[in-house]
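This briefing is meant for a reader who is meeting the structure for the first time. Please keep the sequence and the model in view while reading the points that follow.

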Amino acid sequence: MASTQNAITLSSQDNEILLNPRWPREDYESLWQLAKSQQEERNLQGHVWIATSGSTADSKSSIKLVALSKEALVQSAQSVNSHLQSHAGDVWTQVLPHFHVGGLGIAVRASLSGAKVVPALKEERWNAEHFYKTLIAEKCTLSALVPTQVYDLVVHGFKAPATMRAIVVGGGAFEPELYKKARSLGWPVLPSYGMTETASQIATASLQSLSQEDFPEMTLLSHADARKNLQGFLEVTANSLFTCYAQNGDHGGHSWDPKKNGWFQTEDKGDVINRGLHILGRSKDYIKIGGEGTNLARLRAVLENEAILLNPHWSGKVVLLDMPSDRLGSEIHLVSLLSESETQHVVELFDRKVLPFEKVRKIYYINEIPRSDLGKVLWGELRRVLC
């Protein structure tokens, strides 16, 4: 099985795996073995294994791999190229990593259209000023960003270069106010919706939307369809749908296919009206921070465990809360009944267990955490207390 941090070989029947090189070596190697064993068990050919954007590296058992056929990646890329009217004269700026489907998608689109791809990270990290200078120097025309990156461009007051004709924005909620500010600076931003399981976006605002001021509707692309089920969750079907999941567990690796009759239920609630996609929000425990997905319930479990290890009497004395952030979309805050020194000790241990974007960014000290008769935290009331 070959690995690459650059473009994959689309014509090959080999299987490849793209993982975050910063993950612990033990977890990285374990996931290699997981992908290898499951591709052999399922007799898969011509697939790329990639971690979902909601996977974190606290342990190899928490990381979920998605098997995408190379044909699925091609189908997605062809549809996106058509939607953006992309051609060989385009120049893509690349700031999304190849081990995320958003970055991988750019490479596949360019390989099909003949467009040029220009890296725009500074020392492998996002830097708004470096990105902006790259756009100007390379006369870039297309890009893909997460809302946090758009926020940084707006805060710097950068005006879009005349060569830029479209920027697909995904990986998290794109707030209308941020959209308006970006458009006022000339940035041709197109809100989109997609996921690892669909090999990138399945709905995107049209190029024609750039001629209007209002926040645009996201339209389903030609290769995909969506519907709302009885519980209000969106279900999607597409030529770019994934083949299966794979994950390590207590009894070894396993894989499974959650699709039913070719439809995949997402974690999002929403509606579809005349192929216009309207997102109402994620299921309660899944949030995105700067374009990276995480499970809030899991983070709360990590915090509780660390607090109990320090002092069994500290159980329930600290809780995590996701709070809105103009820059990141959401961020993690902590509410504490403990002293400042005790709280800092808990936070230090918690931060060591999670990824950088999951760390606590603000601490509140209060006298009581509102709870129901059953002891459950009343999150709405807690937010009102803090605000």
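Predicted model: local features only at pLDDT ≥ 70, side-chain atom pairs only at ≥ 80, totals over all residues.

**Strands, a helix and buried residues**

Ala 51 stands opposite Leu 65, a residue of strand E3.

- Strands E2 (residues 47-51) and E3 (residues 64-69) run antiparallel and are joined by five bridges.
- Both belong to an open sheet of five strands, whose order is E1-E2-E3-E13-E14 and whose pairing is mixed.
- Strand E1 (16-18) and strand E14 (252-256) stand at the edges, where each has a single partner strand, so one side of each is left without a neighbour in the sheet.
- From one strand to the next, the twist averages 25°.

**The helix across the sheet**

- Helix H2, which covers residues 70-84, lies across E1, E2 and E3, and its direction makes an angle of about 75° with E3.

- Ser 143 has its place in strand E6, which covers residues 142-145.
- With a relative accessibility of 0%, Ser 143 counts as buried, because that term applies to values under 20%.
- When neighbours within four places in sequence are left aside, Ser 143 is in contact with Trp 92, Thr 93, Phe 131, Met 164, Ala 166, Ile 167 and Val 168.

**Cysteines**

- Cys 140 counts as buried at 0% relative accessibility, and Cys 244 is likewise buried, with a relative accessible area of 0%.
- Zero disulfides are found when the whole structure is searched.

Notes
Residues numbered from 1 in each chain as written. Heavy atoms only, no water. Pairing = 2+ DSSP bridges. Helix = DSSP H or I, 4+ residues; strand = E, 2+ residues; numbered from the N terminus. Axes fitted to C-alpha atoms, helices over the stretch in contact; angles between N-to-C directions. Contact = heavy atoms within 4.5 Å. Disulfide = S-S within 2.5 Å. Buried < 20%, exposed > 50% of the residue type's maximum accessible area, 1.4 Å probe, protein only.
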